[in-house]
Amino acid sequence: MPPTLCSHCQTTRALILRPKNRQKLCKACFITIFETEIHTTITTASLFHRGEHVAIGASGGKDSTVLASVLKTLNARHDYGLSLSLLSIDEGITGYRDDSLETVKRNAAQYGLPLHIVSYASLYGWTMDQVVAQVGKKGNCTYCGVFRRQALDRGAAQLGIRHVVTGHNADDVAETVMMNLLRGDLPRLARATGIVTQSAASEIKRSKPLKYAYEKEIVLYAHHMGLDYFSTECIYSPEAFRGSARALIKNLERVRPSAILDVVRSGEDMASLVPSGEVTEESETAEGEGCGSANGRSSGGGGGQLAAMEAKLQANDEAKGREIDLTHQPAPPRPRPKKLPKQNLGNCSRCGYLSSQAVCKACMLLEGLNKNRPKMEIRVGVEEGEERARC
Ligand SMILES: Nc1ncnc2c1ncn2[C@@H]1O[C@H](COP(=O)(O)OP(=O)(O)OP(=O)(O)O)[C@@H](O)[C@H]1O
């Protein structure tokens, strides 16, 4: 049988079945199409302006590594006139971030980009290892998300940069849309769908050039380009709800590949229903709270929950056929989402960082941590003492 030819160039053998639309492509055409689509996203949304200094949030993972590689390529190919830097946050997670930062250091050398690293320890006096030792694994993603958002802003400010790009992809956005839809939280949903986010609580603009790129295609691109990235998941990210939303999206993608983009587009449409208003610090941190990766990727539990949900839905469908509608009561109309209150931008009274509240969210979290710090140390000391006494 003759080999299947690439449906784009019609000359080279097809090697890749495109996850987004099942198109059969050769390696060269896949790479060109992938890069061109990101270029289209950038130009359609007018993400950059000539002479702009842009920091790439670099975690060493596949998304931000692909983002750095593609931006470097497109900046040269289309003469965007950008000055690019890598910005990494060291959360202080032993056996995870220390290893991934080594990847980022190699990437900096491979792409010839300057790298700036900011640590939680230096900004907040706490590493995530210490936070988890204090608060436990449950809920630690909230601390990490709030701290990281501010750390990226502070790192960019240290460099005199006002635009940070992150590697959030279409799967991440679809997941966040689904989570906020399930929570009935339209303002957060609206925020998650924006390709550019800038709020009253920050001078730094954020954008997601990979917003329409499928995670599977990002992995394929990284593989075929031979990119050097770190693929271990965070050891502290057991965010169950995001894991379930991810499992749901992955299952939808399996039966209908366009589902991911459909959910993103639906999110964009729903966002247009949300009254425009200033973004509160609460909704501001929503997208960044926890991390997109939050181990749903490897969650076996998500699949189990989904199977249970499907069984329930099937039972409901079967029951529906036996129902007699005696009293059709239309559901009462839900109140339209309220316009968010206008925020007064000021400075946090503790750290001086820009905040719409008297005390910024990071300082509020730190207050709780610091209050318990001496207690924890004394308790550990006492327990150690007890251990010793028992010995
Ligand atoms: N420690 C960090 N330092 C700098 N940027 C980060 C860091 N963690 C996350 N980011 C940015 O936020 C984006 C989304 O982060 P998330 O935790 O969801 O990781 P991810 O989806 O696995 O992405 P990646 O594959 O790049 O790690 C990343 O692509 C990156 O741009």
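The model is a predicted one, in which local features need pLDDT of at least 70 and side-chain atom pairs count only at pLDDT 80 or more, while totals for chains, interfaces and linings use all residues. Residues are numbered from 1 along each chain as its sequence is written.

Ser46 sits in the loop between helix H1 (27-44) and strand E3 (53-57), where helices (H or I, at least four residues) and strands (E, at least two) are DSSP runs numbered from the N terminus. Although Ser46 is not a glycine, its phi is positive, at about 45 degrees. Most residues other than glycine have a negative phi. Asp79 likewise has a positive phi, near 50 degrees, and is not a glycine. This residue belongs to the loop between helix H2 (62-77) and strand E4 (83-90), and Asp79 is exposed, with 9 other C-beta atoms within 10 Å.

Turning to the helices, the axes of H7 (residues 170-183) and H11 (residues 259-271) come within 9 Å and cross at roughly 55 degrees. Axes here are lines fitted to C-alpha atoms, for helices over the stretch in contact, and angles run from 0 to 180 degrees between N-to-C directions. H7 and H11 are therefore oblique to each other, since angles under 35 degrees count as roughly parallel, over 145 as roughly antiparallel, 65 to 115 as roughly perpendicular and the rest as oblique. On the H7 side, Ala170, Asp171, Val173, Ala174, Val177 and Met178 meet Ile260, Leu261, Val263, Val264 and Gly267 of H11; two residues are in contact if their C-beta atoms, placed from the backbone, lie within 7 Å. The residues of this contact divide into nine nonpolar, one polar and one charged, with Ala, Val, Leu, Ile, Met, Phe, Trp, Tyr, Cys and Pro counted as nonpolar, Asp, Glu, Lys and Arg as charged, and the others, Gly among them, as polar.

Helix H8 (residues 186-193) is mostly covered, with seven of its eight residues buried.

Buried residues make up 41% of its 391 residues. Of the contacts in the chain with a separation of 6 or more, 75% come from residues 24 or more positions apart.

Note on methods: Buried ≥ 20, exposed ≤ 12 C-beta atoms within 10 Å, placed from the backbone.
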